[in-house]
Each structure stands twice: as structure tokens, then as C-alpha cells.
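User: I am new to this structure and would like to learn how to read its features. Please show me the general idea and then the case at hand.

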Amino acid sequence: MGLALTYTLYYSPGAASMAVHWMLIELGVEFEARLVDIDAGAQRSAEYLRLNPSGRVPTLVVDGAAHGESAALLMLLAERHPDKALAPLPGSATRADWLEMMIYLANTLLPAKRDWFYAGKDGEPQGAEAVKALARLRIEGAWDRLDAHLADGRTHLLGSQLSTADFLATMLMRWSRNMPRPATTWKHLAPYIQRMRARPAFVDLNDREGLTDWRN
Ligand SMILES: N[C@@H](CCC(=O)N[C@@H](CS)C(=O)NCC(=O)O)C(=O)O
């Protein structure tokens, strides 16, 4: 009998699982990736709902216990692998900036993305256009804010140091690629996106998930 892997990721290509999948590759840890066919509704099967009662990807099984929520999983992985320095340590100068950025992305931008993509499914189809219009304003407002944040020439969201916030932000930026104004059209987001997409782990991630668009 083989040893159980510490991490099992339930994912769907290009979905909210992407940032977690990316981080697992960056960490260089062993993990198993299990595909959830969300187009076929596999996230609503009784078996999957036992792992993730929200019926969404990602789910990460950590030492036998299943957890959801992409941002929380990124923060958990950073905590479990402090040697990789993907989050500032408690008490350090940039800790508050990291917490603020992670919550901003997860609390403001991610729900607006959900509204943009799922307005007609999560809510009444006849109200979808109004929901999408508000979501678009919120998303483009977030690009304005992040663009201004990067305008000082910093290479990453926290400065020179790569962090979990970069994985989450880049994934969210990718989701804008077919929107009327993609994130790549903002002055300071464009070089940031180029830089993040050039990371070998991002290239590997896209290969593993079978994604061909939005690559350098
Ligand atoms: N807040 C959740 C959102 C997850 C989410 O909305 N995942 C989408 C894919 S991007 C999903 O599972 N969709 C399938 C469905 O809602 O039925 C997170 O960040 O993990």
C-alpha cells in the first residue's frame, strides 16, 4: 500500500481552483489533482458535496480533511510552508498589506466575477443584465485600483516579494480576457500580467490544465 499524499486538489481547468493548483506547483510539493467536470454538474454530486457543501471548486484535502475557498486555501498553504515565503510572517512590515490585499481580492473582486459569469444562473435570468452591469463596474474599478497600486513600478502586489496575492490576482485577471475591457488593457497591469505568466510554474499549470489561451 502506498503512502497517502498530503494534498488532493479537486479542480476544473481555468476555474477558481487555478490559483491553488498554481501554488501547489510553485511549492514543489507532491499532490494529486482530480478533475471535477463542472460543465456536467459533477460538483453537485452527493459524493462531491460531502467534500465541499457549496458545490464549487476548488476543494483541497489536507491531511485527510476537505476544505474549500480558494483564498483561504492559498493562505493555509502559505502557513504550512513558511520556508517558501509566499506570505509575510505575522508581525512583519508587509503582513497587514498582504491581509488587506487577500481580503480585497476575495471579498470585492471575486464575488463581482461570480456575478459577471453566473448572473443568469445564480439569479433570475431576466435580471442578469443589470447584475452584470454592476459587476462590470466593480471589476473595472478593481483594475483601476490595482493598476494604481502597481504604478510605482513594484514587480509584485506586495513589492518585490512574490506572494499568494499574485496567484489570486493573476487568476482573476485571466477571467477578464473575454470581457469588454480585459485587465491586459490597463497600463500597469499589462507588464505585471506578462511577468506572472512568464513564471515556469504558470506555464506548467496551463499545460497540466490543458489551457491554450492567455499565455505569453
Ligand atoms: N468563493 C469560491 C468560489 C468558487 C467558485 O465559484 N467556483 C466556480 C468555478 S470558478 C464553480 O465551482 N462553479 C460551479 C458551480 O457554481 O456550479 C472560491 O473562491 O473558492
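User: How many nonpolar, polar and charged residues does the lining of the largest pocket have?

Analyst: Rolling a probe the size of a water molecule over the atoms shows where empty space is left. In this predicted model, the lining of the largest pocket comprises 20 nonpolar, nine polar and 10 charged residues. The pocket holds about 1100 Å³ of space. Its lining is made up of 39 residues, and those nearest the centre are Ala-15, Ala-16, Ile-38, Arg-114 and Tyr-118. Two or more lining residues come from each of helix 3 (70–80) and helix 4 (95–122).

User: Which helix gives the most to the lining of the largest pocket?

Analyst: Helix 4 does, with eight residues.

User: Which residues are the closest to the ligand?

Analyst: The ligand is surrounded by 13 residues, and the closest are Gln-43, Val-57, Glu-69, Ser-70 and Tyr-118. Polar side-chain atoms take part here: one of Ser-70 lies 2.6 Å from an oxygen atom of the ligand, and one of Glu-69 lies 2.8 Å from a nitrogen atom of the ligand. For Val-57, a backbone N or O atom lies 2.9 Å from a ligand oxygen atom. On its own the ligand has 510 Å² of accessible area, of which the protein covers 87%.

User: Why is Ala-133 classed as partly exposed?

Analyst: The class follows from the relative accessible area: buried means under 20% and exposed means over 50%, with partly exposed in between. Ala-133 is partly exposed because its relative accessible area is 44%. This residue is found in helix 5 (residues 128–150).

Terms used. Residues are numbered from 1 along each chain as its sequence is written. This is a predicted model: local features need pLDDT of at least 70, side-chain atom pairs count only at pLDDT 80 or more; totals for chains, interfaces and linings use all residues. Side-chain values use heavy atoms; hydrogens and water are left out. On a 1 Å grid over the protein atoms alone, a cavity is a set of points where a 1.4 Å probe fits but cannot get out, and a pocket is an open set with protein on both sides within 12 Å along at least five of seven lines; lining residues have an atom within 4 Å of a point. Grid points are joined across faces, edges and corners, and a volume is the space filled by probe spheres set on the points. Helices (H or I, at least four residues) and strands (E, at least two) are DSSP runs, numbered from the N terminus. Ala, Val, Leu, Ile, Met, Phe, Trp, Tyr, Cys and Pro count as nonpolar, Asp, Glu, Lys and Arg as charged, and the others, Gly among them, as polar. Buried means under 20% relative accessible area, exposed over 50%, partly exposed in between (1.4 Å probe, protein chains only). A residue is near a molecule or strand if one of its heavy atoms lies within 4 Å of it. A polar contact is a pair of N or O atoms within 3.5 Å; within protein, one must be able to donate a hydrogen and the other to accept it, and residues adjacent in sequence count only if both atoms are side-chain atoms. Accessible areas come from the Shrake-Rupley method with a 1.4 Å probe; for residues, only the protein chains shown count as cover.
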